[in-house]
Amino acid sequence: MAKLKITQVISKNGETKRQKANLLSLGIRKMNQTVIVEDNAVNRGQLEKVQHLVKFEVID
């Protein structure tokens, strides 16, 4: 199954509580941290809400 490599590139200061919670649920706690998560509908939905704060790529 494919995975997503997600890195936070913009600070979460000034963002809504929901966006901060989405970052935490993806496993991102600080700037420039990279996490690898499963590519599924739940993670894609969370990623869509914080796409302006992160960069991501699909890995096999």
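**Salt bridges, burial and a helix**

Guide: Let us start with Asp-39, which forms a salt bridge with Arg-44, their closest N and O atoms being 2.7 Å apart. Please keep in mind that this is a predicted model, where local features need pLDDT of at least 70, side-chain atom pairs count only at pLDDT 80 or more, and totals for chains, interfaces and linings use all residues. Residues are numbered from 1 along each chain as its sequence is written, and side-chain values use heavy atoms, with hydrogens and water left out.

Visitor: Why is the pair of Asp-39 and Arg-44 called a salt bridge?
Guide: The term asks for a side-chain nitrogen of Lys or Arg within 4 Å of a carboxyl oxygen of Asp or Glu. Asp-39 and Arg-44 come to 2.7 Å, so the pair qualifies.

Visitor: How many salt bridges does this rule give?
Guide: The count is 2. Glu-38 also pairs with Lys-3, with 2.8 Å between the closest N and O atoms.

Visitor: What makes Gln-8 count as buried?
Guide: Buried means under 20% relative accessible area, exposed over 50%, and partly exposed in between (1.4 Å probe, protein chains only). Gln-8 has 2%, so it counts as buried. By contrast, Glu-38 has 31% and is therefore partly exposed.

Visitor: Which residues does Gln-8 touch?
Guide: Contact means heavy atoms within 4.5 Å. Leaving out residues up to four places away in sequence, the contacts of Gln-8 include Leu-23, Ile-28 and Val-54.

Visitor: How do you know that the buried residues of α2 are on the same side?
Guide: In helix α2 (residues 41-49), the buried residues are Asn-43, Gln-46 and Leu-47. They cover an arc of only 100 degrees around the axis, which puts them on the same side of α2; the arc is that of the directions from the helix axis to the C-beta atoms. Ala-41 and Glu-48 are exposed on the other side of α2.

Visitor: What do the buried residues of α2 pack against?
Guide: They pack against β1, α1, β2 and β3 (54-59).

Terms used:
Helix = DSSP H or I, 4+ residues; strand = E, 2+ residues; numbered from the N terminus.
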